[in-house]
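Here are my notes on the model. Please read them with the coordinates open.

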Amino acid sequence: MTEHSQHSTGFSRRTIMKGAAWSVPVVAAVVATPLAAASITPTSVAWTGTSTSLAALQLLDGGGTLTAQALVTLPTEFSIRNGSGARRAEIATISVTVGRPAGINIPVGRARGFGVQSVNGVTTTAGERTAAYQTAPIVGQFGFPLTTWTGTRTITIASDGTLVMPIAFGLAGVSTGVAVSALASFPVTLNVTLGTDTYTAVSSVTVPVGAGIL
């Protein structure tokens with residue numbers, strides 16, 4: 001009786017070990033599947049439109065308009081390219097910075113720069129815009145302003161879709177009668193933040209000699 005009992009117990013253990021060995025690959029396959037499914041295509045932003053015209057430009061600080069006497073090149077739209085998965089009524093924080101043109105030295109007096117007038121058909125507010133001149137002792141404020149607009153827009157984009165957002169620029173700051181007799185190129189930097197991710201694109205505003213708006 002004792003030998004029969006030991007034989008049965010040994011057989012039972014071998015059977016259990018065989019079953020355990022076959023079950024290991026099955027568990028590994030189940031764990032690996034969600035990792036492959038998590039891969040998505042990232043979002044991107046880009047400037048996708050410009051305009052060269054003699055259009056009147058709004059004065060953002062003080063009101064009124066000025067008409068350029070020479071062809072000015074301005075960005076007119078940017079696009080947000082979506083990846084996998086639709087974005088529905090998502091809040092995007094958008095920032096546009098217009099820098100000072102390089103190579104033009106104005107040690108005394110102020111000239112105008114550019115700021116954002118509207119984004120996606122919605123007019124920007126004075127509280128959303130800043131215009132900062134350089135400063136120095138005795139001289140005070142001088143040169144061109146560095147401008148920034150920051151605001152939010154609600155966006156909806158289909159999976160793998162593209163949303164085009166029109167943008168309009170106006171003249172920022174004030175002019176103290178300084179004559180700008182050189183080609184002026186103002187760098188424009190766009191930042192779009194969606195959730196924890198920020199996407200960047202760069203462009204420029206180009207003002208030729210004789211435009212008469214700076």
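**Notes on the model**

1. Gly49 counts as buried because its relative accessibility is 14% (buried means under 20% relative accessible area, exposed over 50%, partly exposed in between; 1.4 Å probe, protein chains only). Gly49 sits in strand β1, residues 44-53 (strands are DSSP runs of E, at least two residues, numbered from the N terminus).

2. On the ground rules: this is a predicted model, where local features need pLDDT of at least 70, side-chain atom pairs count only at pLDDT 80 or more, and totals for chains, interfaces and linings use all residues. Numbering runs from 1 along each chain as its sequence is written, and side-chain values use heavy atoms, with hydrogens and water left out.

3. Leaving aside neighbours within four places in sequence, Gly49 is in contact with Leu74, Pro75, Thr76 and Glu77 (contact: heavy atoms within 4.5 Å).

4. Which strand gives the most to the lining of the largest pocket? β4 does, with 4 residues. β1, β2 (56-58), β4 (72-81) and β10 (162-172) each supply at least two. The lining divides into 10 nonpolar, 5 polar and no charged residues (Ala, Val, Leu, Ile, Met, Phe, Trp, Tyr, Cys and Pro count as nonpolar, Asp, Glu, Lys and Arg as charged, the others, Gly among them, as polar).

5. Ala89 is not a glycine, yet has a positive phi of about 50°. Ala89 lies in strand β5, residues 87-98. Ala89 counts as exposed because its relative accessibility is 54%.
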